[in-house]
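Please have your viewer open as you read.

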Amino acid sequence: MINLTQLKNDEKARVICVEGGHCFIRRLETMGITPGVEIIKTSSHFLCGPLIVSVKSTKVAIGHGMARRVMVEPL
Amino acid sequence: MKKILLVGNPNVGKSVIFSRLTGIGVIASNYAGTTVEFTKGYLTIGGDKFEVIDVPGTYSLEPASKAEEVAVELLKEGDIILNILDSTSLERNLNLTIQLIKKNIPMLVVLNFWDETKHRGISIDYAKLEEIIGVPVIPVSGVTGEGIKEIVTKIEDAKISSFSYNINDNWKVIGGITDSVQKLSHRHHTFWDRFNEATIHPITGVPLALIALLITFKIVRFIGEGLANNILDPLFKSYYYPLIINLTGHIHIEFLRQLLIGRSSVLMESFGILTTAIYVPLVVVFPYILAFYIVLSFLEDLGYLPRVAVVFDNLFHRVGLHGYSAIPVMLGLGCKVPAILSTRILESKREKIITTVLILMSAPCMPQTAMIVSLGLHYGIRVVSLIFLVLFIIAVITSLLLNMILKGDAPELFAEIPPYRMPRMYTLLNKLWIRIRSFFSEAVPMIILGVFIINLLDILRITDALTVWLGKPLLYLLNLPGTMVSIMLLGFLRKDVSIVMLSPLGLNAKQFIVASIFMVLYLPCVASFFTLIKEMGIKTALKITSLVFVVSLMVTFILNVLL
């Protein structure tokens, strides 16, 4: 299990869990980032910049700090 | 009267459908969260009148932001829900739909952006979806107006869904529904896909953003300066101004005449309510506002702005902001008024304050930039570069300090990146009209009031006393000639002209650098100052301007010693 920032670009993964408080988990869930869903990391910006993931045919930009708390399993 | 609520995720085109249904203009953009306050309108079907409410976009019924709280509160009083979905992102959108089902309110489902599904290789069996969730489903293209009539005729068919499921399995349930109604076929990469890749890519994104910025400025300068210098300024000076001077010539009460046309007979040195107070917002600011909003509206509808936010997120994160602040700051390079107005897209007050400081300090506005460059080039390119470099460095240092001082965390970027969509004339014009109208109804009165107050102070000779009291020692510190005092006053009205006024003073290179930096920073112009008060409240506005003033004094003093 790795976190989203460690996933390589264009790699597919399954979300295992989201580490954080209730609010944080819910915020991610509203965009469909929740345990069990498939996620593709499409690009990431250097120096701890944001990364773009594709979830349920929607592209979402997510800050580095937030992405570190999303644990995934590469597929 | 029955209430119809338009509910859906952010950026699914609710506002466009709302204005199609009610004929009322609402600002719609291609990014999330344009509607924070709700808008009401009316719709008459047959003989029945309905109240239609455009509810702020929400991803879920468990509120996580201000806009979502408003949405949940509004749901309590709705009679009919018009749930609007983005059909190109069906699965994520259904999450809200199945939550709405639990509310037991008669509902209709609208699949918006229907025209886009074809070339995206998405095919949705809407009849089957209707069967599963048990409420009418209507495919619609809001921007072209296709399907809007269907909504109107089917409003009465809205019903409470009998679909039941376990709330904890929501994503599983949604997955099941999506699999049975939606088919995705593979398709080739389109031009928009490649464009999307390039504009958000870490390497190509930044240069492309800079090019976009450059083109924006070219267009803004073309429209703004063209309108100001060739149309509005001549009109004002050859028709309106002589007329007013003529008319007021018959007024023999000195005080009244001074109130109307100011103390001096020179337009830009007086503060008359009929002269300068009209000239500043209409001739100086309006052309740039118009030009900026034309370009901004286009970029918004295209969906480019969230990508700018991503590309610059890294940079802004260092000063405690996230990428969304890049948008107001970039606007501020042109004119501070629309920039300050656009800080509304930011969530916390902390972000707004730091962003405003960056807007005011990082660079002069476009007309002032033009003047600094054209005058500064007499001293050489190094002088000009030094001025802009110093300004940029001060802005960064100040915002870094603010980031440390102000309580709170730097927010993380978390936003949907909408697909690119070609802007439509209908929505563009609609939006432009609303923005211009709100500039006239909200910002212009503030500017006029501001000029009026300054005029009163001027007539009562308070400004004279103030400039002597504050100005003299201040200029002594900066080693600039005493005539700078009157230029400072003028700079409050027109920052670009204040730079021009430096030219007869015969300053040396060092004095020019110090004077330019001081004139850029010391105070915002009257238009931006009163816009700032309107947006942030008088207390915060004064705090920000005093901070900027103190910094400008310190920096120019240090520069004066060092150079």
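Buried residues (under 20% relative accessible area, 1.4 Å probe, protein chains only) make up 57% of the 563 residues in chain B. This is a predicted model, in which local features need pLDDT of at least 70, side-chain atom pairs count only at pLDDT 80 or more, and totals for chains, interfaces and linings use all residues. Residues are numbered from 1 along each chain as written, chains are lettered from A and ligands numbered from 1 in written order, and side-chain values use heavy atoms, without hydrogens or water.

The nonpolar cores are sets of buried Ala, Val, Leu, Ile, Met, Phe, Trp, Tyr and Cys residues joined through side-chain atoms within 4.5 Å. Here are two of them:

| Core | Size | Some members |
|---|---|---|
| Largest core | 118 residues | B:Val285, B:Ile517 |
| Another core, apart from it | 35 residues | B:Val55, B:Leu61, B:Leu85, B:Val181 |

In the largest core, B:Val285 and B:Ile517 touch the most other members. Helix α11 (residues 276-302) gives the most to this core, with 17 residues; helices here are DSSP runs of H or I, at least four residues, numbered from the N terminus. Leaving aside residues up to four places away in sequence, B:Ile517 touches B:Ile387, B:Val390, B:Leu391, B:Ile394, B:Thr556 and B:Leu559, where contact means heavy atoms within 4.5 Å.

Now for the wider view. Of the contacts in chain B between residues at least 6 apart in sequence, 75% join residues at least 24 apart. The C-alpha trace spans about 80 × 55 × 40 Å along its principal axes.

Note on methods
Buried < 20%, exposed > 50% of the residue type's maximum accessible area, 1.4 Å probe, protein only. Helix = DSSP H or I, 4+ residues; strand = E, 2+ residues; numbered from the N terminus.
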